[in-house]
Amino acid sequence: KKMIRVLMFEDNKNFRESLSMYLADSDEIYMVGAYNDPTDALKLIKKYEPDVVLMDIQMPNQSGLEALVLVKSKFPHVRVLMQTVFDDDDKVFAAICGGANGYILKSPKPESYVQAIKEVYAGGSHLTPAIAAKVMNMFALQFDNKKENYIELTKREKEILQKMVEGQSYKMIADDLFVSVTTICTHIRHIYEKLHVNSAPEAVVKALRLRLVE
């Protein structure tokens, strides 16, 4: 069983060390490194080849949001899970639009990190309930009093979108529908184009807000 390679950027020394120790003890996660800021993020990702990057938002020298954009531009395949004590609208929206694969509020329960890391690694998205509700409200406000363009999805696209909302990975969806992962990726690209979004979390939020799925 392949272990999930995780690289962490977190400026709080005590939190970084304690969370690293907890994750390192997991039989599903291999901690390749933990650093106090993402200044050398690109070099470190190239060196360690992580599957998931755990990125704090507020850090010295370079913010996690700035690092997120750089990482996604150079290593689009790397999954990035943003973490923060902040849940203000601007940071949440910026993280999602920047291509984050998930957004988690720092928690005294480290087991929540294991679940979030597993979800984003599997190809799904992770939003804690409080953040999911906030994102829903943001999109609702953004489009309030504006006429929404009619979005017409095919039966298969709706089926795939429903499975994305349920948190299934691309491979899980492909297995359920008896098609290749490449075919699923093509459908998802068309879904993104129709919804005018750039990431799975955005697609899920918009699908729920517009009631395109249950």
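The model is predicted; local features need pLDDT of at least 70, side-chain atom pairs count only at pLDDT 80 or more, and totals for chains, interfaces and linings use all residues. Residues are numbered from 1 along each chain as its sequence is written, and side-chain values use heavy atoms, with hydrogens and water left out.

**Exercise 1.** Find which strands pair with E3 and in what sense.

*Solution.* Helices (H or I, at least four residues) and strands (E, at least two) are DSSP runs numbered from the N terminus. Two strands pair if DSSP finds at least two bridges between them. E3 and E4 (residues 79-84) are parallel, with 5 bridges. E1 (residues 4-9) also pairs with E3 in the parallel sense, over 4 bridges; here Val6 has Val52 as its partner in E3.

**Exercise 2.** Decide whether E3 is buried or exposed.

*Solution.* Buried means under 20% relative accessible area, exposed over 50%, partly exposed in between (1.4 Å probe, protein chains only). On one side Val52, Leu54 and Asp56 are buried, and on the other Val53 and Met55. With 5 of the 5 residues of E3 (residues 52-56) buried, the strand is therefore largely enclosed by the rest of the structure.

**Exercise 3.** Describe the contact of H7 with H10 by residue class.

*Solution.* Contact means heavy atoms within 4.5 Å. Leu161, Met164 and Val165 of H7 meet Ala200, Ala203, Val204, Ala207 and Leu208 of H10. These residues comprise 8 nonpolar, no polar and no charged (Ala, Val, Leu, Ile, Met, Phe, Trp, Tyr, Cys and Pro count as nonpolar, Asp, Glu, Lys and Arg as charged, and the others, Gly among them, as polar).
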